[in-house]
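Subject: Structure for your review

Dear colleague,

Please find below the sequence and the structure that I am handing over to you. My notes on what was found follow directly after.

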Amino acid sequence: MLTLVAFVIALGLLIAVHEYGHYRVAVACGVKVLRFSIGFGKPLLSWRRKGSPTEFVLCALPLGGYVRMLDEREAPVDPAEKHLAFNTQPLRSRAAIVAAGPAANLLLAVALYALVNWTGVEEPKPVLASPGASSLAERAGLVGGEWVSEAAAADAEPTPVSSFEDLRWRLTQAALSGENMTLWVAGEEVGSVRPVTLALSALDVREADAGLFQRIGILGPWTAPVVGDVMDGGAAAAAGLRSGDVVQSVDGQPVSDGQRLRSLIRLAVDPAGQGIEQRWLVERNGQRLELLVKPIPEEQAGAWVGRVGAYIGAAPAMMTVRFGVLDGFTRGVVRTAEVSWLTLKMMGRMVIGEASIKNLSGPLTIADYAGKSASLGITSYLLFLALISVSLGVLNLLPLPVLDGGHLMYYLWEGVTGRSVSDVWMERLQRGGVAILMAMMAIALFNDVARLTG
């Protein structure tokens, strides 16, 4: 139920903001707006403000919206109102009205990011967990427990890292751009800051998924190797493990953090898919105990991994990330620009085959993330809304004839040549645009089903 409610609220808000952008600029340009609709199908609610020619409508199917303006191309127009028709407006006004929808979504993203920056958010400290075996981080000399103070991609100037999530975002950008990243990390010794370069340019990045961070070797923040809730009937319960046990070693190998312990558990399966018994040294209430633990095999993506039926790793150390009015707004603008550029870059790479079309997401994935983010709290939900708002704004600016970007493409042609696109070409381009958009939607829906059922 939460997923459905969060999805409907998100979709309704983003569509309303998009259409309000068109509406507000149309009115400012002197165009008569006949209808402002959120959704399609049967009207559930309609009203008209006193003195306004616009009918505001809320419809049953909230999967889109539209702003219907007076236009001679759609219906006869009274000569007395010809100056109020959209098609009679100068080119700059028509372009501004069309661009206002995507611009409104981008402005909403700026506002949401800024709001989160101002109110503050609890995020894990930028302390690294043990790197994955044979990963870039391990090869670069990272061992886990390092605090990342600054980072810089390529030859850029280093800037402070505010949290672990900030670090993950920078790594994602650098990896997808094929740029190396240098981290300035501090070890246990006070003041022992050293630069470590991750050769991200060596990665073949086709999908921005969990596998990307496994290859980088930075999967999560540092956590203590503590056993959490133990499930009845699992390997942990059978071995006598209890919540609160601190694991010191497994088969004589020191366990430095939760990530290292999870890795050892996953590897405790032989090629035949049988669990391998491990000797765990744990500390419980000041006493050391030696327990035999045999992880239970579980198949994931065609490979066997070990599971013990317990939550592994304590909660990471958290910090409040909050910025002042000007800095928070500036960071909101920067984050919106970064996400927009990254979205365009990924779309371009998918077109030329350098990125997998599995990166496309549709309504099922969006609904799933809406519910998950809402369950984590208002801040996570606002960040989700900002991300989807950017995606909606960028998508609508693509030069596809059925989208706002396609209409702007027509206006660009008109501005360069001095004449509008002919009706014949308009019809051909519209058909082509619909076909491309339907193909994209089909791929996104297929990816959704694969993610949720895989």
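Helix 7 supplies the largest share of the lining of the second largest pocket, namely six residues. Please bear in mind throughout that this is a predicted model.

The pockets and the cavity

The second largest pocket has a volume of about 1000 Å³. Its lining is made up of 29 residues, and those lying nearest the centre of the pocket are Gln214, Leu219, Gln259, Ser263 and Arg266. Besides helix 7 (258-266), the elements that each supply at least two residues of this lining include helix 5 (210-216), strand 14 (303-307) and strand 15 (310-312).

The volume of the largest cavity is about 40 Å³. Its lining consists of Leu128, Ala129, Ser130, Gly217, Ile218, Leu219, Gly220 and Gln259.

An open sheet is formed by four strands in the order 5-4-6-7, with antiparallel pairing. Strand 5 (159-160) and strand 7 each have a single partner strand and stand at the edges, so one side of each is left without a neighbour in the sheet. Helix 4 (residues 164-177) packs on this sheet and touches strand 4, strand 5, strand 6 (181-186) and strand 7. The direction of helix 4 makes about 155° with that of strand 6.

Strand 4 and strand 5 run antiparallel and are joined by two bridges. Within this part of the sheet, Ala151 stands opposite Thr159 in strand 5.

Salt bridges

The structure holds eleven salt bridges. Three of them are described here.

In one of these, Glu146 pairs with Arg194, with 3.8 Å between the closest N and O atoms. The pair links distant parts of the chain, 48 residues apart: Glu146 lies in the loop between helix 3 (136-139) and strand 4 (147-153), while Arg194 belongs to strand 7 (residues 193-198). Are the two partners buried or exposed? Glu146 is buried, at a relative accessible area of 3%, whereas Arg194 counts as partly exposed at 35% relative accessibility.

A further salt bridge joins Glu290 to Arg279, the closest N and O atoms being 3.0 Å apart. This pair also links distant parts of the chain, with Glu290 in strand 12 (residues 287-293) and Arg279 in strand 11 (residues 278-284), eleven residues apart. Glu290 is exposed, since its relative accessible area is 52% and the cut-off for that class is over 50%. Arg279, at 43% relative accessibility, counts as partly exposed.

Glu338 and Arg335 are both found in helix 8 (residues 325-351), three residues apart, about one turn of the helix. They form a salt bridge in which the closest N and O atoms are 3.6 Å apart. Glu338 counts as partly exposed at 24% relative accessibility, and Arg335 is partly exposed as well, with a relative accessible area of 25%.

Two individual residues

Asn105 is located in helix 2 (residues 91-119). What is the relative accessibility of Asn105? The value is 0%, and Asn105 therefore counts as buried, the cut-off for that class being under 20%. Leaving aside residues up to four places away in sequence, Asn105 touches Leu14, Val17, His18, Ser389, Leu392 and Gly393.

Arg322 is placed in the loop between strand 16 (318-321) and helix 8. With 52% relative accessibility, Arg322 counts as exposed. Again leaving aside residues up to four places away in sequence, the contacts of Arg322 are with Asn117, Trp118, Thr119 and Gly120. Arg322 and Ala237 are 85 residues apart in sequence, and their C-alpha atoms are 41 Å apart in space.

With kind regards

Definitions and conventions:
Residues are numbered from 1 along each chain as its sequence is written. This is a predicted model: local features need pLDDT of at least 70, side-chain atom pairs count only at pLDDT 80 or more; totals for chains, interfaces and linings use all residues. Side-chain values use heavy atoms; hydrogens and water are left out. A salt bridge is a side-chain nitrogen of Lys or Arg within 4 Å of a carboxyl oxygen of Asp or Glu. Buried means under 20% relative accessible area, exposed over 50%, partly exposed in between (1.4 Å probe, protein chains only). Two strands pair if DSSP finds at least two bridges between them. Contact means heavy atoms within 4.5 Å. Axes are lines fitted to C-alpha atoms, for helices over the stretch in contact, and angles run from 0 to 180 degrees between N-to-C directions. On a 1 Å grid over the protein atoms alone, a cavity is a set of points where a 1.4 Å probe fits but cannot get out, and a pocket is an open set with protein on both sides within 12 Å along at least five of seven lines; lining residues have an atom within 4 Å of a point. Grid points are joined across faces, edges and corners, and a volume is the space filled by probe spheres set on the points.
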